[in-house]
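Hi,

Here is the structure I said I'd pass along. Have a look, and my notes on what turned up are below.

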Amino acid sequence: ELIKRAKEHRQIIFATHNANLVVNGDADLVYHLEMTDQKRSTLTPVVLEDPEQRHRIVSLEGGHDAFRKRENKYRKRKFT
């Protein structure tokens with residue numbers, strides 16, 4: 001909740017290997033950094049709602065659990 005409140009007033013940038021921060025913090029944009037076999041870095045922009053890119057976030061520590069927690073949270077929330 002602290003991250004979400006802070007996002008209302010400023011931009012927040014994290015460097016992490018933990019999906020819980022980006023998923024449960026409702027990240028607007030994630031840059032997935034990966035090393036290729038040729039020892040080059042690739043940077044791929046990913047949004048949480050894109051099912052074709054979700055595997056990049058799920059590969060982070062806690063990925064599957066983070067998405068399950070987020071799904072349960074929004075399923076229980078009442079929107080009016």
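**Pocket, salt bridges and a surface patch**

Strand 1 gives the largest share of the lining of the largest pocket, with four residues. Keep in mind that this is a predicted model.

That pocket holds about 750 Å³ of space. Besides strand 1, the elements that give two or more residues to its lining are helix 1 (2-7) and helix 2 (19-24). The lining has 22 residues in total, and Phe-14, Val-22, Leu-29, Val-30 and Tyr-31 are the ones nearest the centre of the pocket. By type, the lining divides into 14 nonpolar, five polar and three charged residues.

Next, the salt bridges: a search of the whole structure finds two. In one, the side chains of Asp-26 and Lys-4 meet at 3.5 Å, N to O. This pair links distant parts of the chain, as Asp-26 sits in the loop between helix 2 and strand 1 while Lys-4 is in helix 1, 22 residues apart. Asp-26 counts as buried because its relative accessibility is 13%, and Lys-4 is buried too, at 16%.

The other joins the side chains of Glu-34 and Arg-56, also 3.5 Å, N to O. Glu-34 is in strand 1 and Arg-56 in helix 3 (residues 54-58), so this bridge ties together parts 22 residues apart in sequence. Here Glu-34 is partly exposed at 39% relative accessibility, whereas Arg-56 is buried at 18%.

Last, the surface: Leu-29, Tyr-31, Leu-33, Leu-43 and Val-47 make a nonpolar patch of about 510 Å². Of these, Leu-33 belongs to strand 1 (residues 30-35) and counts as exposed, because its relative accessibility is 59%.

Cheers

Methods: Residues are numbered from 1 along each chain as its sequence is written. This is a predicted model: local features need pLDDT of at least 70, side-chain atom pairs count only at pLDDT 80 or more; totals for chains, interfaces and linings use all residues. Side-chain values use heavy atoms; hydrogens and water are left out. Patches are made of residues with over 30% relative accessible area and no salt bridge: like charges are joined within 9 Å, nonpolar side chains (Val, Leu, Ile, Met, Phe, Trp, Tyr) within 5 Å. Accessible areas come from the Shrake-Rupley method with a 1.4 Å probe; for residues, only the protein chains shown count as cover. A salt bridge is a side-chain nitrogen of Lys or Arg within 4 Å of a carboxyl oxygen of Asp or Glu. Buried means under 20% relative accessible area, exposed over 50%, partly exposed in between (1.4 Å probe, protein chains only). On a 1 Å grid over the protein atoms alone, a cavity is a set of points where a 1.4 Å probe fits but cannot get out, and a pocket is an open set with protein on both sides within 12 Å along at least five of seven lines; lining residues have an atom within 4 Å of a point. Grid points are joined across faces, edges and corners, and a volume is the space filled by probe spheres set on the points. Ala, Val, Leu, Ile, Met, Phe, Trp, Tyr, Cys and Pro count as nonpolar, Asp, Glu, Lys and Arg as charged, and the others, Gly among them, as polar.
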